[in-house]
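Look over the sequence and the model below. A set of questions and answers follows.

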Amino acid sequence: QVQLVESGGGLVQPGGSMRLSCTASGGMFSINAMDWYRQAPGKERELVARMFSHGGTNYADSVKGRFTISGDNALNTVYLQMNSLKSEDTAVYYCCAVGAYTNFKSFISWGQGTQVTVSS
């Protein structure tokens with residue numbers, strides 16, 4: 001079973017930067033896309049950024065120009081670089097991997113989440 005472990009959350013001041021990491025492990029698999037989601041208190045979980053195995057990326061309008069998703073070729077480790085952080089970026093951030101095992105069974109796996117708090 002694919003497991004995702006996130007790291008890098010914490011407290012940062014408005015205008016600051018933070019980098020989140022997500023590492024996948026567990027078995028033989030390939031990842032087709034790795035996503036970063038976030039969920040703020042009282043709000044629905046929203047997609048923040050997505051990276052495909054071919055290198056393409058998508059971003060939510062609210063983070064375009066401020067956040068950058070990157071990763072190794074296999075997407076086993078993916079980063080979310082967050083710059084010019086705002087208070088509204090405060091949320092629990094989750095990574096999510098979409099892929100398949102070598103037996104072609106597909107999977108969607110979620111990390112445990114990491115808290116990002118933007119506050120002075």
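**Questions and answers on the model**

Gly27 sits in the loop between E3 and E4; strands (E, at least two residues) and helices (H or I, at least four) are DSSP runs numbered from the N terminus. This is a predicted model, where local features need pLDDT of at least 70, side-chain atom pairs count only at pLDDT 80 or more, and totals for chains, interfaces and linings use all residues. Residues are numbered from 1 along each chain as its sequence is written, and side-chain values use heavy atoms, with hydrogens and water left out.

Q: Is Gly27 buried or exposed?
A: Buried means under 20% relative accessible area, exposed over 50%, and partly exposed in between, with a 1.4 Å probe and protein chains only. Gly27 has a relative accessible area of 60%, so it counts as exposed.

Q: What distance separates the C-alpha atoms of Gly27 and Val116?
A: Along the chain, these two are 89 residues apart.

Q: Which residues have the most contacts inside the largest nonpolar core?
A: A nonpolar core is a set of buried Ala, Val, Leu, Ile, Met, Phe, Trp, Tyr and Cys residues joined through side-chain atoms within 4.5 Å. The largest one has 31 residues. Those with the most contacts inside it are Trp36, Leu80, Met82 and Tyr93.

Q: Which strands each supply at least two residues of this core?
A: In soluble globular proteins, nonpolar side chains tend to be buried together. Here the strands that each supply at least two core residues are E3 (18-25), E4 (29-39), E5 (46-52), E7 (67-71), E8 (77-82), E9 (91-101) and E11.

Q: How many charged residues line the largest pocket?
A: A pocket is an open set of points on a 1 Å grid over the protein atoms alone, where a 1.4 Å probe fits, with protein on both sides within 12 Å along at least five of seven lines; lining residues have an atom within 4 Å of a point. Asp, Glu, Lys and Arg count as charged. Arg38, Ser62 and Asp89 are among the lining residues. By class, the lining has one nonpolar residue, two polar and, as charged residues, eight.

Q: What space lies in the largest pocket?
A: The volume is the space filled by probe spheres set on the grid points, which are joined across faces, edges and corners. For the largest pocket, that comes to about 170 Å³.

Q: Which side chain does Asp89 join in a polar contact of 2.9 Å?
A: Asp89 lies in the loop between E8 and E9. At 0% relative accessibility, it counts as buried. A polar contact is a pair of N or O atoms within 3.5 Å; within protein, one must be able to donate a hydrogen and the other to accept it, and residues adjacent in sequence count only if both atoms are side-chain atoms. At 2.9 Å, the partner of the Asp89 side chain is that of Arg38.

Q: What is the length of the polar contact between the side chains of Ser62 and Arg38?
A: Ser62 belongs to the loop between strand E6 (57-59) and E7. It is partly exposed, because its relative accessibility is 39%. Its C-alpha atom is 9.1 Å from that of Asp89. The side-chain contact from Ser62 to Arg38 spans 3.4 Å.

Q: Which backbone nitrogen lies 3.3 Å from a polar atom of the Thr114 side chain?
A: Thr114 is part of strand E11. At 12% relative accessibility, it is buried. Contact means heavy atoms within 4.5 Å. Beyond four places in sequence, Thr114 touches residues including Glu6, Leu20 and Tyr93. The backbone nitrogen in question is that of Gly9.

Q: What is the phi of Leu75?
A: Leu75 is in the loop between E7 and E8. It is buried, since its relative accessible area is 0%. Most residues other than glycine have a negative phi. Leu75 is not a glycine, yet its phi is positive, at about 60 degrees.

Q: What is the phi of Phe104?
A: Phe104 lies in the loop between E9 and strand E10 (106-110). Its relative accessible area is 74%, so it is exposed. Although Phe104 is not a glycine, its phi is positive, at about 75 degrees.
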